[in-house]
Protein chains: 2
Amino acid sequence: MKNFPIVKSRRLRSTPYTDRIETHGVSSYTVYNHMLLPASFKSLESDYEHLKKFVQVWDVAAERQVEISGKDSAKLVQLMTCRDLSKSKVGKCYYAPLIDDEGLLVNDPIINKLADDKWWLSIADSDVIFFAKGLAAGNKFDVEIHEPNVNILAVQGPRSNDLMAKLFGEDVRQLKFFNFKYYEFKEKKYFVARSGWSKQSGFEIYVEDNLAGQDLYDYLFEYGKEFNVKAGCPNLIERIESALLSYGNDFDNRDNPFEANFDKFVNLDSEVNFLGKEKLKKLKQDGITRKLMGVIIDHNKIDMYCEKTLLDNDNKVVGYVRSATYSPTFKKVIGIAMINKPYWDNKTQFKIDINDKIFVGTVCDLPFI
Amino acid sequence: MKNFPIVKSRRLRSTPYTDRIETHGVSSYTVYNHMLLPASFKSLESDYEHLKKFVQVWDVAAERQVEISGKDSAKLVQLMTCRDLSKSKVGKCYYAPLIDDEGLLVNDPIINKLADDKWWLSIADSDVIFFAKGLAAGNKFDVEIHEPNVNILAVQGPRSNDLMAKLFGEDVRQLKFFNFKYYEFKEKKYFVARSGWSKQSGFEIYVEDNLAGQDLYDYLFEYGKEFNVKAGCPNLIERIESALLSYGNDFDNRDNPFEANFDKFVNLDSEVNFLGKEKLKKLKQDGITRKLMGVIIDHNKIDMYCEKTLLDNDNKVVGYVRSATYSPTFKKVIGIAMINKPYWDNKTQFKIDINDKIFVGTVCDLPFI
């Protein structure tokens, strides 16, 4: 696949760290929430090997926050998600699919509860702010909604504990998964969450001060030398192996949460009121006819720029691959695909056309690792 | 500025024409509504010169449609915009700023009225569909909202009339600005509007059938040889000279419509009900303290990746440039900037830092041409 340069503009926002990641050797970008998100440094495979062994600092400012505060904020946040938040606690992070009136997916943010009347939705790539504003206006809710100037630095990889402890103190090692707390470094306080878009363990630092964040970026590299720290970014190979789903890639507003395997976050028996609840009850009762599964393809290369069709031996559609990459671990192409019902058996075989050649593959369960 | 490749994925959707524009020599991309939008072919300047003399075919599929239909569709569409649509007619296109409850801008689509109960909002780069879905759910409106599979081909430039007439018949020359009608070519009907993101005159063909659109793309080049047709795209130089504003670049959800010079589309005295009406009345009464104006800078090059500050001789902030480019017509850098009130006088001078050197410029009225 030929490479095409991305044309920067104010509309594809740079982050406070863009100059720094370019100095550290970013080699490609994607765009996420109207913002530049690094996609590779040395190479996808080299970044992957390093991430699994050491520690990386990621510019994930593109994970924008939608701040919802005020008297009716809890009501609005609950209205947007099928996950029951009635017992949610301040200081915790909740992975929560957002659902529209049709029972279809809008986004899959991490919802951070800062106070009973203040929430940050750390969003995937769609304009949740306008969904929230529309719902708030339509329901005449007493809320304030805006995008705060928060630019996340993620510290990911097995040595992330050591690096974070060196900056923020040994206490940070005790922070539990999907909890957040404020920690101090050089007389400044930082919102630190035990989270991140890899399964290699790590933290996300929600930076609210651009200059402090830029200093912090540099300190992470200075303090991290002994742990072999490098600049990195969400890694396509690692995230597919771990089945970390991506809104817009693996699922979107044409899919419902059951099709995307979000069943455990769909609390239909709860007392809480959320959008699309009756639709989801019906969808559950009727049953789904397709769902996201893994695929393994006997080949060493795939370029994804739209979904690719999987066929059986009678040329009937088995499903559609939505994300895929070569995995150095499996020595094959692995991917995430929407698979039609008759083909849900693990080990179903299919054919796929890659650059005008036919390859074979098999359906499998997720995650790969 | 160093070039960085864009990493394609399903999330940055290709269009039905992507293969074709790559064959025709697209040289860079931007991302718009989660879709690839070509940003240049031969070069910005060469594309510009050609566009002003001949005719170009543009893949602007990224101008997505939000279809709103059903009993309450007119009510919902009106609720979203400060432009009075009560006398709107089927077959006409309406440029209409969308406004939130705070009186701030959400988007600036062209609203196409297909029937009294069917509308296509041809949107700029923000997820209007979720704003519409939120408002519809909150107000319990009886509407259907979805993104239809429409992929626009624009035919732009002074010879666009000749090329379009050769395909669709002489009748198409009579189509008035911001009107649309269905025309036939090779036994297929196409929605054709007299519109487009240039001031060089032209049409937009709202293609509803991928295969027919791909054929049409090829026919436009075959029939267009005698008019020196080329592949093109919205051109940064031409659009800034013409002051065609870009959501996300020149204005966004932190700006109100008066600051963006949309006064004539803000119908506060109308009877119709729209979001933010009372806020806008107050904003108008209080008066604005900044607005979009032109700037001319004594230099031959500028790279924009975030807004740049303009200072007066006392280092007070004159304003912020949001879009800019070198103009071969003016032999200077021209741009669109948010200028603070004390500096609205045409010919106000300012200083600007471009790559660590200081250049001087002047404020001016829009458009440039």
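Let's start with the contact: 46 residues come from chain B and 46 residues from chain A. Two residues are in contact here if their C-beta atoms, placed from the backbone, lie within 7 Å.

Which elements of chain B build that side? β1 (28-32), α4 (128-139) and β18 (317-327) of chain B each supply at least two residues to the side that touches chain A. α4(B) gives the most, with nine residues. Helices (H or I, at least four residues) and strands (E, at least two) are DSSP runs, numbered from the N terminus.

Now by class. The side of chain B that touches chain A holds 19 nonpolar, 14 polar and 13 charged residues. Nonpolar covers Ala, Val, Leu, Ile, Met, Phe, Trp, Tyr, Cys and Pro; charged is Asp, Glu, Lys and Arg; the others, Gly among them, are polar.

A word on the source. This is a predicted model: local features need pLDDT of at least 70, side-chain atom pairs count only at pLDDT 80 or more, and totals for chains, interfaces and linings use all residues. Residues are numbered from 1 along each chain as its sequence is written, while chains are lettered from A and ligands numbered from 1 in the order in which they are written.

Next, symmetry. Chain B superposes on chain A by a rotation of 180° with 0.0 Å of shift along the axis, RMSD 0.0 Å. The two copies are thus related as by a two-fold rotation axis.

Last, B:Asn161, in helix α5 (residues 160-168) of chain B. Its C-alpha atom is separated by 7.0 Å from that of B:Gly202, 41 residues apart along the chain.

Conventions. Copies are superposed by least squares on the C-alpha atoms of residues with pLDDT of at least 70 in both.
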